Amino acid sequence: MQTLEQLKRGELNGCTSLKLSADMETFPMEILDLADTLEYLDLSANRLSELPSDFSKLRKLKVFFCSNNEFTVYPEVLGDCPLLDIVGFKANHIGQISNHAIGQNLRWLILTNNMISALPASIGDCHRLEKLMLAGNKLTELPNELQHCKALALLRLSANKIEILPDWLLSLPKLSWLAFSGNPCSRIPNSEIEAPLISYDSLEIQDKLGEGASGTIYRASRDGMLQDVAVKVFKGDVTSDGFPEDEMNSSIEAGDHDTLVKIIGKTDDPYESKTGLVMELIPKHYINLGNPPSLKTCTRDVFNSDMQLSDLQIINILTSISSVANHLHQKGIMHGDLYAHNMLIDESGKTLFGDFGAATRYDRVHLAFSNEMERIEVSAFGYLVDDLLSLYASKDQDTFYHALNALKESCHLADVSSRPNFEQIESILAEIKSKNLV
Ligand SMILES: Nc1ncnc2c1ncn2[C@@H]1O[C@H](COP(=O)(O)OP(=O)(O)OP(=O)(O)O)[C@@H](O)[C@H]1O
């Protein structure tokens with residue numbers, strides 16, 4: 001992070017990237033002196049509410065983050081920045097976005113946690129738009145023009161006020177990661193499944209195991225039990241994927257499956273009135289299969305450069321994931337974030353699939369709707385196949401490679417209803433396994 005003083009003294013001239021957080025209430029005009037070079041600007045965590053009208057002098061700007069500020073209007077001048085590719089205004093108070101404000105070059109737009117009740121029709125002109133984050137707003141509907149965004153792959157609509165999802169949404173050709181829990185259109189009663197309540201006082205909280213957007217995970221021991229457990233204490237705030245309580249309900253509704261971390265119960269922290277999930281501990285030898293997307297890859301995971309997988313590992317991972325995805329959809333749960341970065345694997349390819357933060361529960365009674373929901377996730381599975389093929393240890397494009405490549409292509413058919421469902425994918429994988437003697 002650079003400082004305001006460095007900027008004012010001209011020490012940052014020529015820089016391509018600038019990050020300033022200094023409780024600023026006004027936009028420092030010296031930033032415009034960087035117009036010839038500046039490509040990345042992060043002014044998150046200040047108290048800004050306006051941009052200067054000549055902000056678009058920053059004609060090389062590609063990435064602009066301005067989260068945790070005090071904007072009430074999405075700045076119109078952003079529509080004049082020709083190269084803007086990524087814009088982030090998470091956690092402001094934006095209630096208004098004019099038609100002109102949306103730049104046509106946008107690929108990734110983050111508006112999580114604002115007060116937006118309507119999107120402008122001009123969003124439909126963003127033909128490159130791939131990732132659109134709208135959770136935690138006041139949207140009651142989506143503009144029909146959004147259906148022209150044919151590149152849209154990841155859409156977060158959770159924690160809004162949407163009554164009905166438009167029909168065209170589920171047939172967008174590239175849509176693969178969708179979340180809309182916490183809306184009137186996703187209101188669905190909890191089933192009979194209830195996780196046992198485990199008293200917080202019976203848990204002895206030990207070291208912190210990790211932290212996600214929605215909660216903090218601790219190791220804990222339990223009165224009279226030999227095995228330690230993991231406890232996820234939810235933070236309570238809306239995340240970019242939705243409400244923590246929806247994550248908790250979906251994790252419980254998901255039930256038991258070899259590929260899921262077993263949920264032991266629910267807990268309440270009466271002192272801080274926080275809810276939590278008690279889970280089995282993930283054994284230490286499991287490693288993350290992938291890492292979350294970068295600014296460059298946008299919707300695609302990134303992988304460690306030394307990661308390689310054998311055909312046996314690949315087939316085991318894909319079989320586990322298609323099986324658990326089938327299990328979830330049979331229960332009317334769309335995971336919404338089917339990504340390698342949410343999977344853990346061991347040496348043999350034994351897989352655990354986690355993070356129900358973006359999960360949406362839906363009613364399986366509506367057959368056509370259910371079929372489309374499942375096939376959106378099938379598209380995400382297709383990207384997983386593609387990722388694993390890029391990690392395939394064999395240098396040759398052998399019959400195993402070609403068979404999986406054909407499966408990937410069928411998962412990505414533009415006509416959503418022509419894609420296989422997860423049950424069919426499981427059979428295809430079993431056949432590939434037997435034919436290739438994996
Ligand atoms: N059952 C568990 N046993 C051991 N460690 C765990 C367990 N669950 C989570 N962790 C640790 O906590 C980290 C955060 O987990 P969590 O499921 O909240 O978030 P995430 O899925 O990684 O993040 P996000 O929700 O932000 O995408 C994990 O990466 C892991 O290291």
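How many helices and strands does the protein chain have? I counted six helices and 19 strands in the protein chain, taking helices (H or I, at least four residues) and strands (E, at least two) as DSSP runs numbered from the N terminus.

I noted that this is a predicted model, in which local features need pLDDT of at least 70, side-chain atom pairs count only at pLDDT 80 or more, and totals for chains, interfaces and linings use all residues. Residues are numbered from 1 along each chain as its sequence is written.

Burial. I found that 42% of the 438 residues are buried (20 or more other C-beta atoms within 10 Å of the residue's own, with C-beta atoms placed from the backbone).

I then examined pairing, which requires at least two DSSP bridges between two strands. Strands β10 (residues 203-211) and β11 (residues 215-222) run antiparallel and are joined by six bridges. I recorded I217 in β11 as the bridge partner of G210. The hairpin from β10 to β11 passes through three residues.

β11 is also joined to β12 (residues 229-234) by six bridges, again antiparallel. Here I saw A220 opposite V229 of β12. The hairpin of β11 and β12 has six residues between the strands, and in this hairpin G224 takes a positive phi near 75°.

Terms used:
Buried ≥ 20, exposed ≤ 12 C-beta atoms within 10 Å, placed from the backbone.
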